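Please take me on a short tour of this structure, telling me what to select at each stop and what is to be found there.

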Amino acid sequence: MKKVKIIIPIILLIIVTGMISAYSIYGSTLIDITSEKSINKHIAIEPEKPITILKTAKVGDYFGILYQDPSNEEYDYSFRYITKSPFYKNRYYNIGSCSNFTGSEILDFTPIKSSNEEKNKTDIFLHYFGKNRYTYDTCSIFTYNRTENVINYEEITKTEEITEKMNAMAASLKKIDEIELPNNNIFIITKTYDLDYPYEDMLIYDGSVTEEKAKQDMMAEADVIIKEYYDFYLKGKNNA
């Protein structure tokens, strides 16, 4: 019996030690957001040519990085967001999305909708990098429902259907925020919205824009889409 009592604690110790080692080893494969070396290792195209981190920010389960990569010669800068690991402090999976930018100084908008269908939660990164501060002092955020009004050229039988769908999308458009922008040439703004109505997409407008103006702009897009429908779809279909 004494041998059994001795063996059991040893086995348990081995199991616990193994679990701790596995936890530590796996954690080392994730991105440590407190370490520029770790971020560079996972984000840079060529880790031996370090990226320049311009700005970082956290929101919800996500970490955003605004940076320049010397190996990405085609673009001036990039934005990447990664996803938090629930099991490790300050560790993130290299899962998310990346956008590249060149030339024009634009305000970019990255919304991330909750994967939980029961929640209408959306986290956003609003980011900018330019030689000068952004042209506008504010921006306006809107949501609209596109689910039932998707324009599929193969299903359209008359152009009036395009106008009807655009008007329906415009009717669902709602202004949810107006954000004051920093007075500098580089920033990341984070926001979290808990929306109490269903939506499919989000829009950003430069400046202070009313809901009515945004709706008018969306309805006006019907003419552009109709022209595209004629020029590209119908002509291409007839020439096939």
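## The second largest pocket

The lining of the second largest pocket is made up of two nonpolar, four polar and five charged residues. Bear in mind throughout that this is a predicted model. To find the place, select Asp 61, Tyr 62, Ser 114, Ser 115 and Asp 123, which are the closest to the pocket's centre among the 11 residues that line it. The space in this second largest pocket comes to about 190 Å³.

## The largest pocket

Next, select Tyr 144, Met 166, Leu 203, Met 218 and Glu 221: of the 13 residues that line the largest pocket, these are the closest to its centre. The volume here is about 230 Å³, and the lining divides into 10 nonpolar residues, one polar and two charged. If you then show α3 (159–172), β11 (201–206) and α4 (211–239), you will have in view three elements that each supply at least two residues of that lining.

Strands of a sheet are paired through backbone hydrogen bonds, in either a parallel or an antiparallel manner. For a last stop, follow β8 (residues 138–144) alongside β9, where the antiparallel pairing runs over six bridges, and pick out Ile 141, which stands opposite Asp 177 in β9.

Conventions. Residues numbered from 1 in each chain as written. Predicted model: local features only at pLDDT ≥ 70, side-chain atom pairs only at ≥ 80, totals over all residues. Heavy atoms only, no water. 1 Å grid on protein atoms, 1.4 Å probe; cavity = no way out; pocket = protein on both sides within 12 Å on 5 of 7 lines; lining within 4 Å. Points joined across faces, edges and corners; volume = space filled by probe spheres on them. Helix = DSSP H or I, 4+ residues; strand = E, 2+ residues; numbered from the N terminus. Nonpolar A, V, L, I, M, F, W, Y, C, P; charged D, E, K, R; others polar. Pairing = 2+ DSSP bridges.
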